[in-house]
Amino acid sequence: MTNRNDDSTLDALLRADAINFQHDYIDNNGFSDRVMASVALLPSPANVTVLTAKQRLIIIASATLLAVIIAITTGAGGSFLIDATMDLATKTITPAVIGLGVLMIAACAMALSAARSE
Amino acid sequence: MPTHDISDNDLIARVIAHGDKHAFSTLVTRHQSQLRSSLRKMMQGNMALADDVAQETFILAWKNIGKFRYEAKFSTWLYRIAFNAWQTEVRRKSELPLDDETQYEPAPCPPESDATNLRRDMEYAMTDLSEAERTAIIHCYYQDLSHDEAAYALDMPLGTLKTHVLRAKEKMRHRLESYRNDIGEVA
């Protein structure tokens, strides 16, 4: 073996080995057929509506806003969060409690959506 | 027009628009060799597992092709899926977590001047590398990706990738140097 402790030498060796590696060809040998047999069982991607992260966030935020407005307007007035907390403490299901629940679920959904779009 | 004359991006557009399986099959045939080679190298020759992960990669590519944004090359996007699929697979099988320092230790080979032994020498030099370092070297050299592309494929910050490459090369140099010294002592 030649002296291979020099950085440029190692770089050259890696590149030479990489060229050989890239020229190696693995015969398909039925691989594509196996993949396509699995793909045949799946729905077509043309039928799948893919929402962008921005679209997902807009939908979730809009739904949240709507739910909160409904909760506030159908509630008995006063502070929405305080009402919801008090109702929750007495285990009473009111529009404010439902609104708070929706708010929390929406927050989780937005966090998950944001994480998925990373 | 035969599909083998069509660019990757045009084939992808056909798959997205019409669910064209023939176009996707062409993409699979076109990229299968390089992807399987890379996975085999990442998995240190475990061909069965590499082919399983390659198959899973193409299935995931089919499912998620609507998310392909044409910002990266299709092959780079595939490598990213493959890397994630590989991590999932090894975690599922509890074999080799990414940063596991456990190494295979092949027996040193006697020195040979024949250039055809280059691959064996390089493989020997890579035995000290962690999985992350090994993967970084494979992506940057053997898959011929730029650092930016490799960072995208491995889903890691550019600085982290460069650190892995530098550390890997340092270890490889050290390994090759000590190997040369061992051989010198034997001789």
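## A pair across two chains

A:Asp24 is partly exposed at 35% relative accessibility (partly exposed lies between buried, under 20% relative accessible area, and exposed, over 50%, with a 1.4 Å probe and protein chains only). Its salt-bridge partner is B:Arg119, with the closest N and O atoms 2.6 Å apart. A salt bridge here is a side-chain nitrogen of Lys or Arg within 4 Å of a carboxyl oxygen of Asp or Glu. B:Arg119 sits in helix α5 of chain B and A:Asp24 in the loop between α1 (7-23) and α2 (31-39) of chain A, so the pair joins two chains. Helices are DSSP runs (H or I, at least four residues), numbered from the N terminus.

This is a predicted model: local features need pLDDT of at least 70, side-chain atom pairs need 80 or more, and totals for chains, interfaces and linings use all residues. Residues count from 1 along each chain as written, chains are lettered from A and ligands numbered from 1 in written order, and side-chain values use heavy atoms, without hydrogens and water.

## The interface

How many residues of chain B are in contact with chain A? The count is 47, against 39 residues of chain A (contact means heavy atoms within 4.5 Å). The rule finds 3 salt bridges across this interface. One of them links A:Asp11 and B:Lys169 at 2.7 Å.

## Inside chain B

B:Asp128 and B:Arg175 form a salt bridge at 3.1 Å, N to O. B:Asp128 lies in the loop between α5 and α6 and B:Arg175 in helix α8, so the pair ties together parts 47 residues apart in sequence. B:Arg175 is buried, at 7%.
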